[in-house]
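Colleague: I have some questions about the contacts here. Please give me the rule behind each term.

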Amino acid sequence: MTAATLEIPRGRALRTRVSGDDLVKRGLMVVISLYLLVALAAPLYVLLSKSVSTYEFDLTAFELQRSDESATTWSEPTTVATLNEEVGGVITPDQLNTGSDGRLSLTALYPDFSFRSPVMYRIRGTSDDAAYLVGSELHRGTEWLELDSNSFRRVVIRPSASLGLDNFVAYFSTPALAQSIANSVLMGVISTVLVISIAFGLAYALNRSCMPFKGFFRLVTTIPILVPSLLPGIALVYLFGNQGLLKGLMMGHSIYGPIGIVIGSVFFTLPHALLIISTALSVADQRHYEAAQSLRSSPWRTFWTVTVPGARYGIISAAFVVFTLVITDFGLPKVIGGQYNVLAVDIYKQVIGQQNFEMGAVVAVLLLVPAVAAFFVDSAIRKRQVALLSARSVPYQPKPDRGFDTACFVYCSAVALFILMMIGVCQFAATVKFWPYDLTPSLNNFRFDLMDGGGWGAYYNSIVMALLTAVFGTIIVFVGAYMVEKTDGFAAGRTLFQFLAMLPMAVPGMVLGLSYIFFFNDPANPFNAIYGTMAILVVSTVTHFYTVSHLTALTALNQMDREFEPVAASLKQPFHRLFFRVTVPVSLPAILDISIYLFVNAMTTVSAVVFLYSTQTQLASVAVLNMDDAGDIAPAAAMGMMIFYTNVAARLLHGLVSRLLLKRSQAWRQR
Amino acid sequence: MKHETIPGATSAAVRSRLSAEGTEPVKSPYLQIQNVWKTFGEFAALKGISLSIQEGEFVCFLGPSGCGKTTLLRAVAGLDLQTRGTIHQGGRDISVLPPSQRDYGIVFQSYALFPNLTIEKNVAFGLENTRRSKAEIAQRVAELLDLVGLASQARKYPAQLSGGQQQRIALARAMAISPGLLLLDEPLSALDAKVRVHLRHEIKNLQRKLGVTTIMVTHDQEEALAMADRIVVMNHGVIEQVGTPTEVYREPASLFVADFIGETNQFPAKVLSGGKVALTGTELACAPHGCATGTPVTAVIRPVDVIPHGDGARSPGAPDVVATRENLIEVDVREMEFLGGFWRTRLASPRFGDGLLVADFSINAVRRLDIAEGSAMSVELPRDRVLVFPERAA
């Protein structure tokens with residue numbers, strides 16, 4: 001029996017007879033894949049195609065004829081282009097570039113045009129695609145249409161669409177807009193360098209020293225996650241703004257602009273960087289340090305040859321995350337940026353301010369570039385980092401060192417003070433009558449119903465939205481991850497699904513929000529009905545924060561024995577029994593983590609939902625933005641604090657429930 | 001009792017049925033695998049596997065990692081469907097059935113016990129949803145826990161049990177639904193040596209008691225030799241040999257089997273006429289084989305089959321061994337290694353060229369024949385233990 005003599009029989013590969021269970025599983029996977037296609041892939045596709053769609057009036061595509069006053073003899077058919085030349089170019093080349101809604105009237109071609117005249121007109125396209133409107137009635141094609149003067153007045157031609165990079169060319173040739181790129185990159189780089197340095201110091205102190213109050217510092221450094229990124233902006237206005245408490249420290253510089261953006265960015269990205277670097281530092285191997293010590297290496301040399309290289313992947317990863325967060329954030333530069341334009345605010349201005357959707361799409365695509373790059377660098381790094389951890393590592397145990405521990409404590413105290421001051425200032429401003437003139441305590445600023453921005457209704461909307469996001473998001477994410485991780489066969493579908501699930505990480509919220517406008521606001525879209533409802537806010541938020549939740553679920557499921565499913569099948573139990581009796585209970589901590597993550601982010605997010613809320617579905621985070629815009633800074637701070645209180649409460653509840661569950665399940669977790 | 005029909009003695013008959021395909025078997029086999037292929041892209045993990053297993057038999061799939069043994073087991077379980085070929089179980093075509101519609105219990109190396117359910121609930125998992133009353137289920141669970149000797153642990157969680165205990169629970173869970181076939185996927189590999197030896201004895205007894213047809217996958221030859229009624233030796237996706245433990249050990253069908261099970265001395269040789277082979281420096285009489293005169297072959301003899309005779313000319317052979325004066329070779333003892341139960345020696349002779357002959361001698365023989373490093377002695381390579389295999393095509 002040698003391999004050479006054997007030949008595989010011809011025919012098709014066998015396939016398992018599909019069981020009822022498989023059908024249910026596949027059905028679920030199709031549903032969740034469809035969700036991601038509709039909520040992510042399709043909108044992004046529409047956005048991309050918008051950014052490369054250019055609309056131009058093609059004057060050669062239409063022919064006109066005009067009669068004399070008796071309406072009997074007609075002029076020769078002439079194209080609009082020729083007519084335009086004859087009358088000296090009344091339609092300027094500038095006018096030809098337009099948007100998807102562009103309309104161009106033709107009456108200017110006839111200097112003596114009068115809508116009362118008995119002169120008759122004929123119009124037709126030179127090709128089947130040429131389209132024009134008479135009033136609101138659409139005509140298309142090469143048939144002549146005869147109109148009286150009064151009707152001809154209402155004729156407008158429609159532009160023809162073509163694909164090309166004209167929008168990008170237009171963007172880059174507008175100096176003010178192109179400057180935004182430089183500004184965004186500059187802000188990103190400065191903030192990243194600062195945040196990484198500060199976060200590394202913090203992580204080092206937390207992991208490598210014996211200073212007291214580590215738990216307190218860990219807690220304080222997570223605060224920025226619980227507030228919208230607008231809040232540090234507001235705090236900076238109070239501290240360093242025109243009536244600022246510490247305005248003197250600015251030495252004549254204005255906080256409105258790059259300085260404010262950088263300080264605020266440091267505040268809101270610090271927890272993200274700290275988490276990543278701290279993880280990298282916490283996996284250190286004691287044996288490396290013992291080896292260094294036995295080789296009589298100086299602490300300084302040990303730091304540069306052992307500590308930093310060990311954490312380098314974490315540092316690089318954190319740098320990319322921070323850079324992406326800074327340049328894609330919209331709330332902070334909106335509040336504190338002043339005249340300093342950045343990309344994220346440009347999208348908002350182009351779309352909300354000028355209704356220039358194509359240009360908004362161009363900026364969105366530009367924003368995608370660094371985010372996608374960061375995503376790929378990060379995933380490449382993750383793959384390499386695995387090798388650093390080995391089961392035989394001995395965890396590093398710091399030894400007390402009075403001088404070093406004191407230095408760490410002072411440093412951490414300074415950072416904690418900065419964070420607490422930012423929050424404290426907002427808290428204070430929110431609860432006094434009128435900062436800084438009347439400091440008597442008052443809850444006037446919480447009377448949101450008296451302000452623009454949606455009032456208390458916006459706050460309740462936010463809670464409802466966050467709860468719905470947490471509940472439905474967790475279900476969708478967990479079931480989706482389960483299908484990816486634990487289904488057999490259907491490999492192509494699972495790969496596609498996995499790709500879609502990773503995609504949101506690379507899509508900034510602004511870009512997602514804008515793509516939703518393009519996709520869902522199209523009347524031809526069957527999902528058009530959810531536009532302007534709570535549903536679209538929940539869908540966009542779940543999608544925006546999908547990847548991290550998905551990875552959390554995947555990690556939990558990955559730790560579960562791969563053989564559970566085969567065992568359950570051999571015992572003839574349907575998969576849903578295994579799912580509800582084993583998979584879900586065992587993954588409960590991860591499920592709770594996902595839901596709190598989604599809740600907190602749904603409360604604070606601004607970037608995607610700012611394009612999507614309607615008058616019935618205003619949100620607290622957007623209210624902060626709008627009240628700040630309207631000059632109601634104290635109420636904006638108060639609303640920001642409401643979000644903070646809510647998130648703290650949610651966190652406490654989460655901690656309590658987790659602890660209870662852990663206590664109950666301790667029996668089977670303990671070895 | 002079912003297990004008495006286990007063809008311990010009749011395995012030769014079973015084997016002859018296998019080798020002579022097409023002849024009608026006396027009794028139709030319980031599990032019949034026919035021309036099963038499994039391909040992953042260009043790579044074929046199973047190449048036309050055909051195998052019959054009788055009811056009540058304990059069969060081991062043995063082979064190095066990547067030989068296809070686990071792939072074959074998973075095909076039988078319906079976990080990774082074969083690309084071609086059919087599988088019949090108890091006369092039913094199960095080739096393309098999903099796992100839930102087949103009839104087997106399975107035990108994995110990882111135990112795969114549900115961590116959040118008690119031992120009791122784990123064992124009862126397959127019994128729920130089956131129109132059994134609570135009392136019936138409880139009784140069956142108690143029975144099974146008794147069977148594996150863990151009745152006192154019923155209320156504990158898996159993490160509170162030792163590895164060996166967990167594996168016994170996994171076995172009880174698999175047997176709860178009284179499956180017609182028990183599949184064991186390297187069930188002992190995660191355990192430490194002592195527990196492993198103990199548990200393999202226990203599993204074998206349990207299997208005898210229940211008479212359930214069993215397939216075990218293992219890469220541990222000792223495990224396979226100790227437990228199986230028949231061993232299926234696999235390599236590179238094909239079956240090299242099917243036979244009882246003694247058959248595959250004493251009469252390996254190929255060089256691979258000889259090499260994989262037990263230890264071997266291997267010498268390049270050429271077939272001479274008259275039942276002899278020529279090594280580089282000597283001629284040996286050998287066991288019958290089908291190789292034509294002049295073909296290059298590999299001559300194989302196991303270290304334990306080498307018979308010591310002391311210093312050839314002067315001292316007599318061991319009293320229990322009749323020296324045939326055939327294949328008798330003068331050797332120098334180069335190295336001796338004490339391995340507890342026996343001595344492993346490396347013997348040199350011009351007749352082996354540069355190669356050394358490895359031979360295992362009993363402590364008794366070493367003492368009696370006064371074998372020591374540097375001494376000279378003669379050894380006999382018994383004719384019927386010199387196996388000859390054609391050189392393998394590269």
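Colleague: How much area do domain 1 of chain B and domain 2 of chain B bury between them?

Modeller: About 770 Å², with 53% of it on carbon and sulfur atoms. Buried area is the accessible area (1.4 Å probe) that two parts lose on being put together, summed over both. This is a predicted model: local features need pLDDT of at least 70, side-chain atom pairs count only at pLDDT 80 or more, and totals for chains, interfaces and linings use all residues. Residues are numbered from 1 along each chain as its sequence is written, chains are lettered from A and ligands numbered from 1 in the order in which they are written, and side-chain values use heavy atoms, without hydrogens and water.

Colleague: Which residues of domain 1 of chain B lose the most area to domain 2 of chain B?

Modeller: B:Tyr249, B:Arg250 and B:Leu255 do, together 67% of what that side buries.

Colleague: Why is the pair A:Arg577 and B:Glu128 called a salt bridge?

Modeller: The term needs a side-chain nitrogen of Lys or Arg within 4 Å of a carboxyl oxygen of Asp or Glu. The N to O distance here is 2.4 Å, so the pair qualifies. Across the interface of chain A and chain B the rule finds 2 salt bridges. Between domain 1 and domain 2 of chain B the count is 0.
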